[in-house]
Structure formats: C-alpha cells, structure tokens
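Please open the model in your viewer and keep the selection tool at hand. We will go from one stop to the next, with a note on what to look for at each.

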Amino acid sequence: MTLTHRAPAEPEQTPEQRTVTLTIDGRSITVPEGTTVWQAARELGIDIPALCHDERYEPVGVCRMCVVDTGGRAFAASCVRPCEPDMEVTTSTPEVEQSRRVLTELLVVDQPEREHDPKQTTTADNELIAVADDYDVIGVDDLFSGPAKGTDHSNPVIAVDHDACILCDRCVRACDDVQGNDVIGRTGKGYGSRIAFDLNDPMGASSCVTCGECVSACPTGALTNKPINNIPIQPKEQLDAVDTVCPYCGVGCALTYYVDRERGGISYAEGRDQPGNQSRLCVKGRYGWDYAASPQRLTTPLIRVDAAYPKGPLSADVKEDSGEDGDGKRGRKPGGLVPYEEVMPHFREATWDEALDLVARRLGEIYAESGSDGIAGFGSAKCSNEEGYLFQKLIRTAFRSNNVDHCTRLCHASSVAALFEGVGSGSVSTTYGDIANADVAIITGSNATANHPVASSFFKQARRDGTTIIYIDPRAGTVADHADIFCQLKPGTDVALYNGIMHEIIRLDLVDHDFVADRTANYEQLAKTVEAYPPELAAQITGVDAETIRRIARIWGEAGAGVIYWGMGISQHTTGTDNARCLIAMCSITGNVGRPGTGLHPLRGQNNVQGASDAGLIPMFYPNYQSASDSAARQRFERAWGVQLNPNNGLTVTEVMASVLDGGVRGMYMLGENPFLSDPNINKVRKALAKLDFLVVQDIFLTETAEFADVILPASSYLEKDGTYTNTDRRVQRGRTVFDPPGQARVDWQIVQDIAQRLGLGWDYRSPREVFEEMVELMPDYANLTYDNLGSTGKLYPNPDPEHEDGTVVLFDDRFNTSDGLAHLVPAEWLPGKELPDEEYPYVLNTGRLLEHWHTGSMTRRSYALDSIAPRAEAYVHPGDAAELGLTDGGRARVVSRRGEIELHVKVSHREARGNVFIPFHFREAAANLLTIDEIDPTGKIPEFKFCAVRIVPVADRESAPAGGSTA
Amino acid sequence: MTEAHEQARSAAREPSVDPATDPSAGEVFDADIHAKAREVIARYPQSRSALLPLLHLVQSVQGYVSREGITFCARHLDLSEAEVSGVVTFYTMYKRRPCGQHLVSVCTNTLCAALGGDAVYRRLCEHLGEEGRPLGHEETAGTPGEQGSITIEHAECLAACDLAPVLQVNYEYFDNQSPDSAVELVDALRNGDKPAPTRGAPLTDFRSAELQLAGFFPDDSEQSRSDVDAPTAAEETVRGARLAQDRGWTAPAMPDDVALPEVEQK
Ligand code: SF4
Ligand code: SF4
Ligand code: FES
Ligand code: FES
C-alpha cells in the first residue's frame, strides 16, 4: 500500500467544486465553499475594517473589528465566518459602526499617544490609528486605563512596546505559522496579558532569530524596526523603493529596500511576494545590508609599494597566527577583520589607468612566459551571472586557460559531480517549496534553519501540514526539533547509512520496479553493493540503531512522493561524491524523481552558486556545463568568442594552490574571492599566495588575501550594480542598483571589461543586459529568458514560455539529462574519514556557518545587526565532553589539530554529539580552517571540511579577552 | 497512511531530543518523572492535551513551574516554550515562584468576602508576615519547600459559598472559618501538624497534592480509597436535595425541542 499523493498546493478549480451564493450589502455573489464573508466582500470591492486579520495568516477572529450583521442574534466576525447559502450580510449599519467605534475607543484608550507611537512616528502606518481616524476617535479621557506594560529594547534591531500591543495575535501567527520559529506566545491573563518571547524573556535573550516577520505582521506600534546606521525609519512615501534580491544565501529571497536618498542609506527592507520566498526573509536579508555602507570600503585602486616586497602577510594577526615565529599566539587581536592601519601603509593609491595597465601588463607577461598554465582566476559565487560569464570568458580567451573556478569547489562540487554522472545535470530537480507536495522529505547534512532559513520555514510548514520529515545529521541542529525522525549518525558515515537503508528497501521489496526498469541503469550493481550492508552492519558503523534504519527504509520506500534536500554535510567530505551518489540512488530506486514532491535538491549556499556554475566558472565546463574537453562544445564557443580555446580541463581551487607551490601557476586574478579563510589548511594557502609572482585582488574590503596582492581594485558591492542571480531553485532574478559605488570604486563587469580591452580583446558591452543576451545565446537552459521577461519575481529555468509561465518546477518527468536518458546508479562503498580521532587528537571537528554570518564574515561582521547578535567565535561542545575536559560555557579553550591551533570561547551545547566539536568558520581571529585538513574528494575535488581530528584544552582566562569583534 | 507512516507521525510526539539526556532540561527531573510524564501523555489521544496534568507533575517535583519545568513539558509535548509559558501564566493554580510546604488559599470572592473572608485573609497575611510587613498574594512564610513553610494566596470563588467564609489548604476545604480559627490552623501547620479538613481527604502537603492532580495516587490502595471516598459534600450543601427527596419533589423534565424565544430584530 502506498501513500496517496496529496494534491498540489494550488488545486485546479474543478467544475464540481461546491459554491455558495449569498448577498452582501444587497449584491449577490457566488463564491467557493469555505470563503469567508470578509473575502467575499472584498471581491465585491467592499472593504471591511480588520485589525487582527491579514490575508497572510489564518484568521483567528480575536479583535471583532470586522463584525457584520448577518441577521443573527449577535454580529459575526467576517474574517472567520464562512459564507453560507442565502446569507444576507450587511457590512455597515449604524449599530455595526457603533460597535466598531466603541471597540476602537477601548483599544485606543491605553495606546501610546500618537506623537509618541513607535509606528506612527516612523512608518506612519499604524492601522489602529487609521481606524481611529475613520471613526473620529481622538483622545478618550473618561475611560480607565491600567498600569503601563513596558517596553523591551533588548533586540538590537527590533523594538517592543507592550503598551501599543492590541493582542491581535498576528505576530504569534507570523512567528509560529509562517516562520516556524515558535518564539512568541502570550503571557498572563486579563489586563495583564502581553505577548511574550519564550518564557516571557527579553526578546534579545530569547530564542528569537530576529527574522523580523513579527515586525512586518504587527498592525500597531508594538513591534517596530529600530534604525540601523542612524538612517531613520520613515514612511514609505518618503523613501525610494528598490526591488531586488537578498545578497546572501542561495534561497534568493526577493526583497525591497526602502532607500533614503537624502542620507544615502537604506531605511529598512521588506520581503517581496515571489513564488519562492513568499515575502519571508531571515535576519541577514532583513537587517544585514549595512555592510555596503561601511567606512572600510575600498574606494581607490591600490598598488603594493616596493618596500612591501618580498611578499608576505602584512598584518600581525596573519603573520603570527602562522605559528612560524615564536609561539604564534602573542599579540593577536581579540577579534575583528583585517586591521587596515597595519595593511594600508604597504600600498599606495593609484589611478585606475595605472592600476589596470599594471594588471594587464603583468598578467600578459606571465602568460607570455609560462603560457596558459601560468595563469588562474577565481571568480565568486557572490558575483552576478554576467560578471561570472565575463570573468571566465576573460581567462579562457585572453590566457587560453581553463584555470577558472570559484567557491562552489568548496561547497557543492561533489554533489554536482555526482548529479552530472547520475542524472546529467547539476541543478536541483525540484524547488524547496515543492516539499509541500511531498509525503516524506529527507533533510540531511544541512543546518537549514541557519543556512537556508527561509527555505527551512517552508520545510517546517510542510511538516505541520503532514509531510514526514526525516533529519539525518551528526548535529542536532534546530531542524531536529522539527523532525519526525532525527537520526544522529556519526560524522563521515553517510554512505554506510544510505546503503543500509537501501539494503532494507530492497529486502522489503519497496523498490519501484517499473521506474528502475524504464528509467535507470546499473541497478544490479547497486543492489549487489548494498547487499553487503544489512541494517545491523550499518548500525555498527553509523551509531544509528538498526531499528531506526529499518523504519526510515520503510517510510521512504512506502512514500508516494519523497524528496531529498541536502547541504554541505553531504558534500564536504572526501567521500562527498559517494554520499551524493547514494542520495541519487535512494530517489531513483523508489521512483522518487520527476513528479511533484519528489526529487533531489542540493541546497546552494551562496546567492549565486547556481548562476556562477551555470555561467562557466568551472575549470571543466564552459557556460551551461558544456564540457571544455568536448570538441563540439569547444568549437561552439570558439565560434562565438572568435578565439582558439584550450582543450585541457583547468585546475580547481584546491589544485591551483598546490600548483602555485610547485611553480606552475604564477599569476592570479581574484574576483571577490577570499580563499584565505574559506580554503582548508590556511598555512598552505598563505605560502602559496606569498609565492605568486602577481596577484590582483578585486574586492570591496581588504581581505586576508589582499594582504598578498600586488594590485587591489576597489569593486562594487551587490547593492551598487545590476545583474542577474540564479538561486538554488534555478530561479533567475534581477538584482538592481540601489546606490552608486563609493569613491572611485567601479562596477565589476566594467573592471573586467577594461582589463580585457587592455589585453587586446575587443569587448564593448554597454550593460549587463547585453552580456545576458550573449549568455542566453550560448546557454540552452537559459533559453527564452530576457531582462524584460524576468519581471519582478524572476523566472525558473528551463522555461519554454517566460512571458506567461514561472518556469519548470520539476525536472526529469520523462527522461534524465544523461546521453541515454537514464539515471545512472553508482554504488559506493563506505570509507572512513581521512583523519580518524586517536589518543592524541581524540575529537572530530566539524565546521559550518551560523545563522547570522556569512563565510569569511567580510560582509556580515560589518553589519550592525548581525555582528551584535553573534559577535564572537565559539567552539560548540557536548556537555559531557565539556565536563570531562573541564570546559565551562563562556570559558576559553584551545583547539589543536595536526595543522594548527586556535583559541576561542566555549559554548556548551546539547546539539553536539559526544566526541564532536563544531566551530563556525567566519571568525578570522579563530579561523577554523587553520585546523581543517586539505584532503579532497577524488571526483568532486572538494575538501573534507567536515571531518578532522583535534584536541581540546581548556585555557585559563587570560586578561579576560573582550567578546566583541572590533572592526577597526 | 501506512502503519509505518503513522508510527513516524506519532514518533513526532517523541521529542526529537531526548529530554532525559537533554541538559537544557536540567537534572531536576529524574527518570521516574520522565516515566510518569510518558504515562500521563499516553492517557490522551493527542499529546498536547496532557499539558495541564504535566504541569501539575512538574509542580509535584519543584513546588512550582520553573524554567526547567516549562522546557520539560515543551520537549515532552512537542510544544514551544512560549506556548507552555502562556498556559502557565494564565492559570492561577500554576505557581511561578516556589511554594511552601502548604498552600493556603483564602476565598475573597463575593459571598466569602461579605461574610468575613477578607478579614480572614488580612489576618493571615499579618500573622504570617513580619512586624509591619504583612505577606502578600502568593508570598511565603518560611523557606519554600521546608517543613512548616506556608504560601498564602487569595482565591476566587471556591464553590463552597454555602459554607462561607472558606479556605483551602492544598485544595482541601476548611469551612466556616473565622480569623481566629484560620490563625489556629496555620499555626498548627507551621508546627508540623496536619489538622483534618472539614471534609474530603486528609491533609498531605502541596507537592503530594500536585502529584494527585497529575493523576497519580499513593500506591497504598487503602489510603487512596480513603482519599477518593472521603465525604466531600457538607450537610449544608445537600440539605436542599435531601428535603426534596423526603418530600418527593422532582423537577419537570427538560424537553429536547424547545424553540428559542423570538429576539427583537436589530
Ligand atoms: S523576529 Fe522572527 S523569530 Fe523573533 S519573535 Fe519575531 S517572528 Fe519570531
Ligand atoms: S534566506 Fe537567504 S536569501 Fe533569504 S533573506 Fe535569508 S540569507 Fe537572504
Ligand atoms: S479582523 Fe476579524 S476579528 Fe479581528
Ligand atoms: S465566594 Fe467563597 S466559595 Fe464562593
């Protein structure tokens, strides 16, 4: 027996759908059964005032502002009252109006005066005040009002005024039902009732994740945004609205910035209704945009002064962190980013012409001397599609080199490798929102609530609506709190677990034989391999009990529609490709691909990882994954670009570093990439960077990498340019310019074009739009897309009709992208991590991100909100381990691996398993990647960030290091 | 839904992080309490229905609902802490500060107040407080939890108006009180005595009463029988019924299908 497949989110209007006919204010209307009176009235253009109701939330009917006369004994709350046949509704009678007026008086009596109301004095759209004005309710003096209920300013960006709260429950629904954060409730009773965070804690001390959804829900001044960077919060009419996309993660939330042109800053951001994020945002999108206004932005081209040669690290931090001189610890700064005062004196300001001439000359010379192998370029997944496309075109055509890569190497390269081999396409087969149609979803190796917060809100919502969630992860992240089954496996044992599950699926004969026969290849080999992994054996390896493995097998095998979402816990292993192969096999043998609610979705990290890969920032692929070693593809691009191209695959990020040390690559162009913190084994990166003959860094801030640069080019931030970005769902969206770049900083695509022109390429693009048009010509997946038809919410690719359709949600409905159209199942044997814990290094180190921070923190640590919420580096340790090691919460510890050591604060956390320690890698002063190992996956070439052996020692609190990250 | 599927759904009710080993739930609740919690939950088709008895269970351990207690319930029931906290702060029977060995609730609602309940309450507050500083609502004389410690509260109608003024100790009735009798009663409690209530079960202490409210009765069946069987109605309360019985009075039968009276059109 299989589960019946639930209807898709928007069921088609079937002719037999039951309807109701009623009369509202004398006009007859027929609506689908279940429609509320409020909705029906609205369809007739009749506005009924509402306070507790908003179409984004389930109606609760608590305020009674929307009452209407239905002829019953009492007035009915129209927002919750379903239409009934032959109902006669009057929305406005003297009695109804009187009822609303009295209600308004009662509500207004203990509100803050409007001159002091936190909303009326900022955005000026307090809905209660608007109703009061409609009913001429000004001051109400003769009514009792109780004692003040207080304010709460503990959150850095959200202000709470309990006196302005009318207990409409909108924020509770926003927090619980929309974002699934379950923070807000009510406390007390009667007049003393208030909204409460967790256990009536201060908001800033509660489990609130500052997503701001409650602020956007609140009709009054109870929850309001605080100004950031002294840009006051103002009414929308006074601000300039710019529709764009969040610059942070792969979820790619559509948002609108409200810009104060006079002060040159953003006042606040709001989510926009796009099919993916549906107006939701997380803390980074809603509050993390002020980095672009940082006084530390680079504004002039810089050239390294002669005295700063031979090249090496410039800041004391980077020098002494290396452990090469002295004990490598003294003199370090307790936090913060690159110290400008130490680094800047080693550079002098230059004109653009001088800097660009130098770049073109030096790279040209190295190319002349060492040929294609001497040059490499790293783009960034933060760049737009157009920038990525131009950058790889530059490296490939000016230097005939395929040594062009970006940070996908560090996140999903192994997933992409496995997907290519298995299904012939690296992109997701369905969207994150499609989870709503799944009976079962496996979320694995992904701390989605932190790294893909808005996608995770849809996961949580799906579970409330009946999707079974199986969470498989070595850490008990917040997702575990929302899972039906949480399976805490030992790190690095994924293959064994999935083989065990598949063993059981086959034993129970829950295989979809038709699908296997018609649409897959190599099933027998797979079956033979997993035969050797009975659940008991898998249990021994993974530490998950056999019963749970059997249960997962049964649930997955019986699901009518199952989907898998995974993150870097799958890909960042030396067995990353094998891990992903197992997931592909899990879906394929049960027929869970190609239908709504089924499929494979590697959750992309950066806002434009998908796009940067699509655009060809990959050493073995031209744009749209056309193989660089395939002669047909090569000829196509040679024709388009008018030059001969290099037939050999290029080097990946990790391989380039090794090549530099061997004297291969000598000149590099870094576009917005900071491999210093994001690459494994920093010491090796440091040596490689110092050895380069020429390094040009194009970035918005001084990064650690820039300390090794010969030339630094001041680039534009996300907010200062136009371009398209492709999110994890394959949604291509337009980012729009909010500000001009500061000082002499320039837009990235123009810088790349200037270098190209100096290198003799006759480029003459006049706008990103032109670049996009050229790309689309060469990229079949992007066919039909234009700047104009992307519209305000973007479009999914592939898209046969972008004028009318949002695009294709589910791929592979009748064939896979492989040459034979079949899914290729690749069996994998379990292999242990490369560096197992031993007596000397008994703990397993896992690295990752925090909700509030992004990669090397160069943006997020310059954001007021994000930096104040998560200011310091912490190592997360299980309470049992902490007790054994003598570590205390908030105390300090030294974490040592065979490659380096760092010192940081300890966070005792029940989310870790025993024997594991988790360290986020955002913090330069305690850079986790000093510890990680640079072993790589043989296929995806991805480093093993998620597994290496470390030792942890408590450190006596030296001069009690300050907690905050100074950004000076 | 298949069986496995259903299991998975109901497994959802199993907290994903085992509360028994979850340090954020503190060491306050031992394995026995966790077992009891599961027993309470098993009584209901929907786990969240178990919240009220579970909160009593928590009070039976700590004498109040602490933060750990809220976390304990939230984890066991897959509710948010805010939801649990909302319930705790709504009902007066859940105490947010540690209670004494005994909880004395003095009715100060209309009838009791008129017949002297306010005076009883005032006297007790003064008597249990210090010189010039009477106790207030939900304040405790002595160290909470220790022998002879007493928490006092004023209560809304205790549903014994015919015996007003009344008070309760750990929810057992002491009827027809006066300021003097009340003082005598609390003095006895402070001395470690447990005077018999006017009716109902014998006195224990607040935490034991809370355990019973959670639905757990002493193992000794004799004792629990007497708890349950003890007379709870007072003579005053049943006097009317008895009179009717003696005289053979009955109320007219309630017809099932009476039309609702016409209401004036608005
Ligand atoms: S900011 Fe987000 S998490 Fe925090 S209380 Fe509001 S809705 Fe909940
Ligand atoms: S979920 Fe990602 S894209 Fe959306 S607001 Fe947060 S960081 Fe930005
Ligand atoms: S808007 Fe309908 S009850 Fe509040
Ligand atoms: S008024 Fe005290 S018992 Fe009813």
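Begin with chain A as a whole: its radius of gyration is 29 Å, which agrees with the value near 30 Å that a compact globule of 968 residues would have. That radius is taken over C-alpha atoms, and the globule rule is 2.2 Å times the number of residues to the power 0.38. This is a predicted model, in which local features need pLDDT of at least 70 and side-chain atom pairs count only at pLDDT 80 or more, while totals for chains, interfaces and linings use all residues. Residues are numbered from 1 along each chain as its sequence is written, with chains lettered from A and ligands numbered from 1 in the order in which they are written.

Of the 968 residues, 59% count as buried. Buried means 20 or more other C-beta atoms within 10 Å of the residue's own, exposed means 12 or fewer, and partly exposed lies in between, with C-beta atoms placed from the backbone.

Next, select ligand 1. Its shell holds 14 residues, the closest being C175(A), N181(A), C208(A), C211(A) and C214(A). Helix 4 (170–178) and helix 5 (213–217) of chain A each give two or more residues to this shell. A residue is near a molecule if its C-beta atom, placed from the backbone, lies within 6 Å of it. By class, the shell has 9 nonpolar, 4 polar and 1 charged. Here Ala, Val, Leu, Ile, Met, Phe, Trp, Tyr, Cys and Pro count as nonpolar, Asp, Glu, Lys and Arg as charged, and the others, Gly among them, as polar.

Move on to ligand 2, surrounded by 13 residues, with C246(A), C249(A), C253(A), C282(A) and G285(A) the closest. Helix 6 (283–287) and helix 13 (453–464) of chain A each supply at least two residues of its shell, which divides into 9 nonpolar, 3 polar and 1 charged.

Now pick N126(A), in the loop between helix 2 (94–108) and helix 3 (127–134) of chain A. Is N126(A) buried or exposed? N126(A) is buried, because 26 other C-beta atoms lie within 10 Å. Beyond its neighbours within four places in sequence, N126(A) is in contact (C-beta atoms, placed from the backbone, within 7 Å) with D117(A), K119(A), Q120(A), T220(A) and G221(A).

Switch to chain B and select helix 5 (residues 81–90), where 9 of the 10 residues are buried. Those buried residues pack against strand 8 (184–187) and strand 9 (194–197) of chain A, together with helix 3 (51–62) and helix 4 (67–77) of chain B.

For the last stop, select C107(B), C112(B), C157(B) and C161(B), which an unreviewed UniProt entry lists as "binding site". They are spread over 55 residues of sequence yet cluster in space, with a largest C-alpha distance of 9.3 Å. UniProt positions follow the numbering used here, feature names are shortened, and annotations may be inferred rather than shown by experiment. C112(B) lies in helix 6 (residues 110–114) of chain B and counts as buried, with 27 C-beta neighbours inside 10 Å. C161(B), in the loop between strand 3 (150–155) and strand 4 (167–169) of chain B, has 18 such neighbours inside 10 Å and counts as partly exposed.

Key
Helix = DSSP H or I, 4+ residues; strand = E, 2+ residues; numbered from the N terminus. Contact = placed C-beta atoms within 7 Å.
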